[in-house]
Every structure is written in C-alpha cells, then in structure tokens.
Amino acid sequence: MIVITAPTGNIGRQLLPLLLESAPARGEELRVIVRDPARLPDAVRERVEVITGSHGDPEVVERAFEGADAVFWLVPPDSSLSPEEAYSGFTRPALKALVAHGVGHVVGVSALGRGTPVADRAGLVTASLAMDDLIADAGVAYRALANPSFFDNLLEEAESIREKGVFVDVVDADRRAPLVAVADIAAVAAGLLLDRGWTGRDDVPVLGPQDLSPNDLARIMTEQFGRPVRYECQPLDELYSTLVGYGLDEAFVQGIVDMKRAKNEGLDAGVARTPATATPTTFEEWCARTLKPAVLA
C-alpha cells in the first residue's frame, strides 16, 4: 500500500498517473489523502482508496497510514503560518502515525541546499531541511527529493509575459542555477515508491538537464514565442512589501525572502550534476509543451 499526500497538487497530479500505470502489476494498492475528493478526476477516484481531510490532521493520518508500506509526503504551502509551523509543525502528527503503523519508507519533497554555507539562513528551505531531519529521526527509511526551483513556477508569470513581455524574479539576471520540470520530480518519486530496496536516509537531488540564468530563460522564451521576452530583477524589499500587502503572514514572507536571497548566494549550487542527478526535460521542451500554450492562449 502506497499513500500519496497532496494528490491534486502540481507534483501529486503528475505522480498519480505514473503510479496508476505501474502499481497494480506490482501488487501495490494506492491510497490518497485529499481535502476535496471532487478535485480528483473520476478515472482516478475509481482506482484509489480516498481518505478525506488534511494530512496535517492526526486523525486523518492515523487512518491513512494503517496498513501502509510507503508514503509520498508533501507539505502544502500555508502562508498563514511561520516556516517552522508550516513544515515541522504540520509534519509532527504524521510522525506519530508513521511509527505507530510501522510504515517502512517515506519519499518527501524537499529542497537543495543541505551542507551549503547558506543552508541555515535560507528561510523556507531551512524549514524544509529541518522537516527532513524530523522524518528521518522517526526511524523510517527516508529519501528527500532535493529540488531546485521549478520551470512550472513561470506559469504564474504567463499573464505578464503575454501582456508586457516581462517576467520577474529577484535573482541576478546572469546567475545560472539548476531548474527542473515538475513532471521529472514526479517520475523520480514514482521510481522510489515502487522500488523500495533502499534503506536509511539520503537526499536525492533532482537537477534538470542544465543550469540556466533568467537571461537564458528570456532568450529561450523569445525564440519559442516569436516575440521579445525580457527579465526584470525585483528588489527583495519590494518583494517583501508586495507579499505582506497580499495578507501573507510576515514570518512566512520573510522565509520566502530569505530563501530567494540564499538562492542568489549559491544555495542550489552545492550538488554536482551527474547522470544520477540530472533529469531529462529541457526548458525548451517544457516551454513548448506547457508555457507557450498558456502565454499565447
């Protein structure tokens, strides 16, 4: 039995089809924890066991982890909480249920940065790494998917790219860093959940095929869309003011700002890309398949 949390999120909705394709032949059953089962496609809902509720709720994880062999763990962002509360606080009820039901393997969504000089002042990433430690210390075999930023975050910029030819972030325009497609993260997670010959704890870097800068992204988008696209670097204090103005918790916003600052100082540069850490989807491929239709719609 494999339990999937956040099955309707960006990663979960791409992970589920992969598991539905392969799990039955391996004798694996699937169980999902979801707040609103109606958000699951009908074809999915008919083939999985559904536990309704939040996986931060002790009663929900108690039911969901009974008889489970493996869990896909993803903490949904909650901007009403501090980073520590949003990650470790949310996870603590699950730890008790993991131990109580003898769950053997957990695959968690985390971030790059462990072991770098900025890891202890990287806001949301620091909180995510602390969550990894909590899960590993519970005694389960644990694999933390150590991710950089996602290609898919650019979908939030689709309107600005369409209307103004501009996308915005806070990192230096020429700073190259790893970037990855969410679909590739889902594929790595599926492999780990289905082939559970691993023990102990470890990070699993998911680095994409190459490092790219914002200026590289702008060049590729310009080529793909047949129209100019440029990058604008936003000051960190402006980002802070904007997010607080949206009503987000100030501690959570500071966690975002600290994470962004750390990324600009090399947070994601601590792991070498190898055949084992690279993933296949290029930005050109993702842009043509996913971003271009959103921008040109």
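Q: Is the crossing of helix 9 and helix 10 left-handed or right-handed?
A: This is a predicted model, where local features need pLDDT of at least 70, side-chain atom pairs count only at pLDDT 80 or more, and totals for chains, interfaces and linings use all residues. Residues are numbered from 1 along each chain as its sequence is written, and side-chain values use heavy atoms, without hydrogens and water. Helices are DSSP runs (H or I, at least four residues) numbered from the N terminus. With the near helix turned clockwise from the far one by less than a right angle, the crossing of helix 9 and helix 10 is right-handed.

Q: How is helix 9 oriented relative to helix 10?
A: Helix 9 (residues 236–245) and helix 10 (residues 250–264) have axes 10 Å apart and pack at about 150°, taken between N-to-C directions on a 0 to 180 degrees scale. Angles over 145 degrees count as roughly antiparallel, so helix 9 relative to helix 10 is roughly antiparallel.

Q: Which residues of helix 9 meet helix 10?
A: Contact means heavy atoms within 4.5 Å. On the helix 10 side, the partners are E250, V253, Q254, I256, V257, K260 and R261. By class, this contact has eight nonpolar, one polar and three charged residues. From helix 9 come L236, L239, Y240, L243 and V244.

Q: Is D216 buried or exposed?
A: D216 sits in helix 8 (residues 214–225). Leaving aside residues up to four places away in sequence, D216 touches R176 and D211. Its relative accessibility is 8%, and the cut-offs are under 20% for buried, over 50% for exposed and partly exposed in between (1.4 Å probe, protein chains only). D216 therefore counts as buried.

Terms used. Helices (H or I, at least four residues) and strands (E, at least two) are DSSP runs, numbered from the N terminus. Angles under 35 degrees count as roughly parallel, over 145 as roughly antiparallel, 65 to 115 as roughly perpendicular and the rest as oblique. Ala, Val, Leu, Ile, Met, Phe, Trp, Tyr, Cys and Pro count as nonpolar, Asp, Glu, Lys and Arg as charged, and the others, Gly among them, as polar.
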